Protein chains: 2
Amino acid sequence: MADFSEQTPPFKSVRIVGSGLIGTSIGLALVSRGVEVEMVDVDPRAQGLARDLVKSRVLTDPELTVLALPTSALSGALEEQFSINPGSKFIDIGSVKTKPLLDVSKSKVLRSNFLATHPMAGREVGGAESARADLFQSRTWVYIPSDLAGTPVDPDLLKSGIWMIKALGGVPVAMQADEHDRAVALVSHLPQALASLLAGQLISGDPTSLALAGAGLRDTTRIAASNPALWDEILTSNSQELLPLLINLQSDLSALISAFKSGESVAKFIEDGNQGRALIPGKHGGVAREYTYLPVVIEDKPGQLAALVSECAAVNVNIEDLSIEHSPGQFTGLITLALSENDAQILSTHLIGSGWNVHAPR
Amino acid sequence: MADFSEQTPPFKSVRIVGSGLIGTSIGLALVSRGVEVEMVDVDPRAQGLARDLVKSRVLTDPELTVLALPTSALSGALEEQFSINPGSKFIDIGSVKTKPLLDVSKSKVLRSNFLATHPMAGREVGGAESARADLFQSRTWVYIPSDLAGTPVDPDLLKSGIWMIKALGGVPVAMQADEHDRAVALVSHLPQALASLLAGQLISGDPTSLALAGAGLRDTTRIAASNPALWDEILTSNSQELLPLLINLQSDLSALISAFKSGESVAKFIEDGNQGRALIPGKHGGVAREYTYLPVVIEDKPGQLAALVSECAAVNVNIEDLSIEHSPGQFTGLITLALSENDAQILSTHLIGSGWNVHAPR
């Protein structure tokens, strides 16, 4: 991938319409590959932050327009961009693929000048402030090589799209629109619906119960923090594929409830879960950044973080990420530093020598 | 905590009956605190591995016996240990608490010599080989200070139990047995049941679909890899508390399906999920605090983090948490500081005055 990214981009300028998580992350990555990027958003605050982060320029008639928008906003943005820059080619990155292709078939945009794609990457936090250039590293990025009638996408646009996917570290996978929508219903929309339903049960839980929450609850509900308007749109626009899956799950849930009521074993349900879990491939997930995590127990008082960061700077160790765990009334806190393996070694030795309470890295 | 662990243990010798993940992790931690430990298991392989890992010794009449067993095996093990070492006091660590206390009330063991506890820690992988001495670090560890009739646990045993919890890095929390069982039904058993059901749906998915799996599916199904026999027992032994929660979820799932069928918005379900998710306390228990997040765009080069942390120290602003977003090849990075609202105001003004690229807080 490193070799690849050194290739000359097949396009020089891109306007990215939509300065949320995905749009801004694409912008960051493209700029680092030498492409000129203009960030645009209807929200001036988002646009301002994205422009600063991406070092965005004002462009006239960019060769390519990336539409990084909710599906409902796609059609309008496409018409608008086409009217001011009719020579542009278009790439969308929305979560469902049948609907945008329908939108395009009704627009003035030449269907072969529109490439529908979907990067299988995201975060439960949104906005330009959560963007990162390596968001797509090693992630599957689906593209639809022909329109709904089977007409192939313009070869130059296809080449640009695949270049962009690879340059951003993604793994391009060609699929048909309906095949894509069926797949994401299972691996993305069903988990989202269930995580939301599960987290919704907590509203009536008492605080004493919730105080016992552990990693299991946290992981199963992480994506329940997702944006309601965005996910309402994604789920309802793909309800045709999602509904049969929900109905199947409903039937399994009823069977589980019956088993509990009649005092039967529920081991079969856990076994099925084991089997299903084992089918999830391991290679496409966020494996790009392998950090070593170094836990440092600190006195929970001001100045400790600054002192620790200074120690890192003193031995030229680069902190990739950092988390602070502490709570009122506790005398110690835990800072976990995400580092390269080599830096973790160096820092661990240095900190122990300076009297810090360092634990074994993981 | 560092001070605490240097205190002399109130007991010198412990037999741990059960050499699985939890028992062996307790053994590792206690030995590191200078306690003599004997690991025992009905499975000779597990016992052998645990004895090697823990550097277990053969003990005669240890002061304390920790029962780290599935709930169904507790009663038998308790009778056996009592018959060979009637002077011992007992601590159990099982996932439900009403049943063990019922077992004890029917046994010859003095009820005040039995302390029921439950560390809110575990891994989806089991066995002595997955054990780690820091498994309980910062985890809530529930203990039941009286039996089902309200008779208090022997003060020396209570002291030993609380010492053990703290020495292992856990946070002791007193609860009644029924209160505990209701709480774990919500925060542990319901997520387990749902994760298993969700993962079970993948069995009928085609490999092309599964190839698109991302972090969302991986996180929501992580605990679906859990041991079927163990979880069958945990869930069925707490079905009285779990059933109403499952029935409630079933009703919400039906409502969601109806909304999809009639083409209504499902935003409400996602919003409820947001609300429920926000109720999960931070890692130490205690309600999640509302922070103000201040984004600061930095040049991605060494020394920037240290400089920023020093600015915070200079105006006495306490950093509650901090995240760093950057990646190789990116020219800018983003540090987001989690602060109190007041501190965010102070710091924002100060940083802007010093020429930092600060964006609007959220």
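**Exercise 1.** How many residues of chain B are in contact with how many residues of chain A?

*Solution.* Start with the term: two residues are in contact if their C-beta atoms, placed from the backbone, lie within 7 Å. By that test, 120 residues of chain B are in contact with 120 residues of chain A. Next, look at who contributes: helix α7 (residues 177-200) of chain B gives the most to the side of chain B that touches chain A, with 18 residues. Helices here are DSSP runs of H or I with at least four residues, strands are runs of E with at least two, and both are numbered from the N terminus. Last, sort that side of chain B by type: 64 nonpolar, 40 polar and 16 charged residues. Here Ala, Val, Leu, Ile, Met, Phe, Trp, Tyr, Cys and Pro count as nonpolar, Asp, Glu, Lys and Arg as charged, and the others, Gly among them, as polar.

A quick word on the model: it's predicted, so local features need pLDDT of at least 70 and side-chain atom pairs count only at pLDDT 80 or more, while totals for chains, interfaces and linings use all residues. Residues are numbered from 1 along each chain as its sequence is written, and chains are lettered from A and ligands numbered from 1 in the order in which they are written.

**Exercise 2.** Work out which strands stand at the edges of the seven-stranded open sheet in chain A.

*Solution.* First write down the order, β2-β1-β3-β4-β5-β6-β7, with mixed pairing. Two strands pair if DSSP finds at least two bridges between them. Now check the ends: β2 (36-40) and β7 (171-174) of chain A each have a single partner strand, so one side of each has no neighbour in the sheet. Then zoom in on one pair: β4 (residues 89-92) and β5 (residues 114-119) of chain A run parallel over three bridges. In this pair, I91(A) sits opposite L115(A) in β5(A).

**Exercise 3.** Decide whether V173(A) is buried, partly exposed or exposed.

*Solution.* Find its place: V173(A) belongs to strand β7 of chain A. Now the cut-offs: buried takes 20 or more other C-beta atoms within 10 Å of a residue's own, exposed takes 12 or fewer, and partly exposed is in between, with C-beta atoms placed from the backbone. V173(A) has 19 C-beta neighbours inside 10 Å, so it counts as partly exposed. Finally, leaving out residues up to four places away in sequence, V173(A) touches T140(A), W141(A) and V142(A).
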